[in-house]
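Please keep the structure open beside you while you read.

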There are 2 protein chains.
Amino acid sequence: MNMDCEIITIGDEIMTGHRVDTNAALIAQQLTSIGLEVRYRSSVGDSLEAMEECFRLAMRRARVIITTGGLGPTDDDITKRAIVKVFKRNLIFHEDILEDIRHRFAERKTEMPAINQNQALLPQGATPFPNKHGTALGICISEKGRVFIALPGVPFEMEQIMLDEVIPYFQRMNIGTPVKMVSLKTIGIVESELAELITPELSLDRNIKLAYLPSPSGIELRVIATADTDSEAKERAQKTARDIEGAIGHYIFGYDKDVLEGVIAQLLMDNDRTLAVAESCTGGQLGQIITSVSGSSKYFLGGVIAYANDVKINQLGVDSATIDQYGAVSAECAKEMATGCRKKFESDYALAITGIAGPEGGTDDKPVGTTFIGLSSIHETYARPFNFGTLRRINRTRAVYAALEMLRREILDIKEN
Amino acid sequence: MNMDCEIITIGDEIMTGHRVDTNAALIAQQLTSIGLEVRYRSSVGDSLEAMEECFRLAMRRARVIITTGGLGPTDDDITKRAIVKVFKRNLIFHEDILEDIRHRFAERKTEMPAINQNQALLPQGATPFPNKHGTALGICISEKGRVFIALPGVPFEMEQIMLDEVIPYFQRMNIGTPVKMVSLKTIGIVESELAELITPELSLDRNIKLAYLPSPSGIELRVIATADTDSEAKERAQKTARDIEGAIGHYIFGYDKDVLEGVIAQLLMDNDRTLAVAESCTGGQLGQIITSVSGSSKYFLGGVIAYANDVKINQLGVDSATIDQYGAVSAECAKEMATGCRKKFESDYALAITGIAGPEGGTDDKPVGTTFIGLSSIHETYARPFNFGTLRRINRTRAVYAALEMLRREILDIKEN
């Protein structure tokens, strides 16, 4: 069964533009992934009247409505009040929900503020969707062939309920159409080059859509196929993905939910190898990304954040003459950092990053964004030069992923550019 | 004159969630800054029918309508076609606009693709807004006391036209009202506790709005005041902010665009002090956040990512007996990590974080999220226990900001809880 969807994001901070509406994108992605079409998207402030008007319009024009925001315990969280007015239902107090909230506060050894009692009120006849990370439950109301779902606005709470509750609920109710998405994760190539390599290989029919999603950790290439049956959609998506792989194979580090740090984790564990890092301009971000993988203690030993030159010299054994001669941002320094790091931690591999993140510190010779990444293994030590652009926030992240990609290619012995 | 506004963002990539809608936030901020109320926000895909429906609804309910997207030269850019249908006007060809576009291509020494001729077509009676960075003009139609403005979707093109053309146009037309926002940045207190402390202090009139924006780095509290004059709005916002400060003063680390890592930077520089870090569960994130501030090399020396216990022992001098007796996640270990780090780097302060980020590794005694943060200064060394919840991504970020907050309170000698 196909049904038009509407996403409604709630909050004054959305209407004033003080918060970018990332929730709507996340919900839209989830709905699209099960073949639902988001036909309407709207936002509304924390005003009862505006919310009612918005909900009523949605109930007239859409069949599946998902709202996010306004379910917190404070006065400006009035989504439930708008729901009971639009659906003409009372709020019912649930003792078991309150017990559960109290229990959570007790676990965190804090007393539950009285205001949280509001969280135990639900519109009559609504199905609650549990919230693993917060006290505001999701609310599901089914009426007149329409499904109205209200989710909290805190992104990670909303996301958990969306994935664990809402999508399975739609699947049980058989809401959606056959669609299959295959996602190819690439790194080390820009969007226009990717498009030039891919386009000649493809004869896209109208059941296949291609989307490029660039980010500092690489470009995700999405192949989205629709069909009459699940297996047909799957076959179509996979065939197109294979054609693309033929053209850009070694730029692909993974598929779908793969992240480069997870691929690295698997490679290191498969080969029973360990890793340590030495970071200057990234200040710890490489270590942070590596340890964002749970279980990373199996292969990641640790690192040195060598921000000051003294730390590079004293902790990593970089020769002060190297810094004097070539500068701290140089291939030579990156190599010595990597070697020193590998020896210090007795690891199989070490990665080192040194660069000019900016906005200060650039020169004609080495403008902001200039970065050298060193890699040391038992067999060899080398460094590669990069320029990751002038934006501090972006160039540091790009440096981290470029370092991980160097390690992936080293382990897999990939020589092509 | 006050007028309800509607922002409409256009494009399939918005509806599928493949692009986050940053344009809407930017336009909303601009409108809010001149006291216009964005009452409606909606998005629509690249479908003529859907766009017409959306524009017609906007013309019924709003007085100022701004759309963005769908003005490019390619086939899927159909905003102008929807406009001429809704407003029942013809597209008129403007030779001078085409000349200008040709001229731009000539300047870039490229030939103008024929498809760009579309860009010289404007709805009859529309006022064009020049685009400094691209070929798609902004379009302004005034009809029946309503203003309808269509802008291109490329963010920096849209932003330039918004700032240079749209806002000055509204000011000339006397559209807008005085408004002032003050933002209080807090940390170390949850939303409901904050609300309980604040509410008794306030007698909010309807010209003052309060918004809570929680994130893993703390809660931002926004005071937004409207009035008849700019100075009155400012006075009103500042008075309310002062009342709130009286109630929650020591939880406030900054104002408006302040971030905690920036406040720490200023405190360390003002006091001529240096900092080093020792990180276990956060894996480098504390260092990363500290060094996200440009110029951090003035006070940040570096750190040790002590992920493996051996690293804690060998690099930071933690006693192996301490780990045997209390565990690596303990106040004792956090203190020894902090002391060892401060000595190693010869810094004035050291922060150490050790915890169970999860999802594995929790026990009844120390569930996932248990974290100890150590602080060492020349005067004293201590550690505090926390539980930051079960989500690895979130609890690590919360640990980083809690550590920075401990340092802020240490430097400022804040004793209250």
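1. In chain B of this predicted model, Thr186(B) stands opposite Ile252(B) in strand S12(B), and the two residues belong to a pairing in which strand S9 (residues 179-186) and S12(B) run antiparallel over three bridges. Two strands are said to pair if DSSP finds at least two bridges between them, and helices (H or I, at least four residues) and strands (E, at least two) are DSSP runs, numbered from the N terminus.

2. These two strands belong to an open sheet of four strands in chain B, which has the order S10-S11-S9-S12 and antiparallel pairing. The edge strands are S10 (208-215) and S12 (252-255), each of which pairs on one side only, and neighbouring strands of this sheet are turned by 25 degrees against each other on average, direction ignored. Axes are lines fitted to C-alpha atoms, for helices over the stretch in contact, and angles run from 0 to 180 degrees between N-to-C directions.

3. Across S9, S10 and S11 (218-226) of chain B lies helix H7 (residues 191-198), which runs at about 155 degrees to S10(B). Contact here, as elsewhere in this note, means heavy atoms within 4.5 Å.

4. A second open sheet draws on both chains, for its twelve strands follow the order S6(A)-S7(A)-S8(A)-S3(A)-S1(A)-S2(A)-S2(B)-S1(B)-S3(B)-S8(B)-S7(B)-S6(B), with mixed pairing. Strand S6 (127-129) of chain A and strand S6 (127-129) of chain B stand at the edges with a single partner strand each, so one side of each is left without a neighbour in the sheet. The twist averages 20 degrees from one strand to the next.

5. Where do the two chains meet within this sheet? Strand S2 (residues 37-44) of chain A pairs with strand S2 (residues 37-44) of chain B in the antiparallel sense over three bridges, and Ser42(A) stands opposite Ser42(B) there.

6. Within chain B, strand S1 (residues 4-10) and strand S3 (residues 64-68) pair in the parallel sense over five bridges, with Cys5(B) opposite Val64(B). Helix H3 (residues 48-61) of chain B packs on the sheet, touching S2 of chain A together with S1, S2, S3, S7 (138-143) and S8 (146-151) of chain B, and its direction makes about 170 degrees with that of S1(B).

7. The contact between the chains takes 73 residues from chain A and 76 residues from chain B. Together they bury about 5,800 Å², 54% of it on carbon and sulfur atoms, where buried area is the accessible area (1.4 Å probe) that two parts lose on being put together, summed over both.

8. Five salt bridges are counted between chain A and chain B, a salt bridge being a side-chain nitrogen of Lys or Arg within 4 Å of a carboxyl oxygen of Asp or Glu. One of them joins Arg39(B) to Glu49(A), with the closest N and O atoms 3.5 Å apart.

9. Finally, a word on conventions: residues are numbered from 1 along each chain as its sequence is written, while chains are lettered from A and ligands numbered from 1 in the order in which they are written. Local features need pLDDT of at least 70, side-chain atom pairs count only at pLDDT 80 or more, and totals for chains, interfaces and linings use all residues, while side-chain values use heavy atoms, with hydrogens and water left out.
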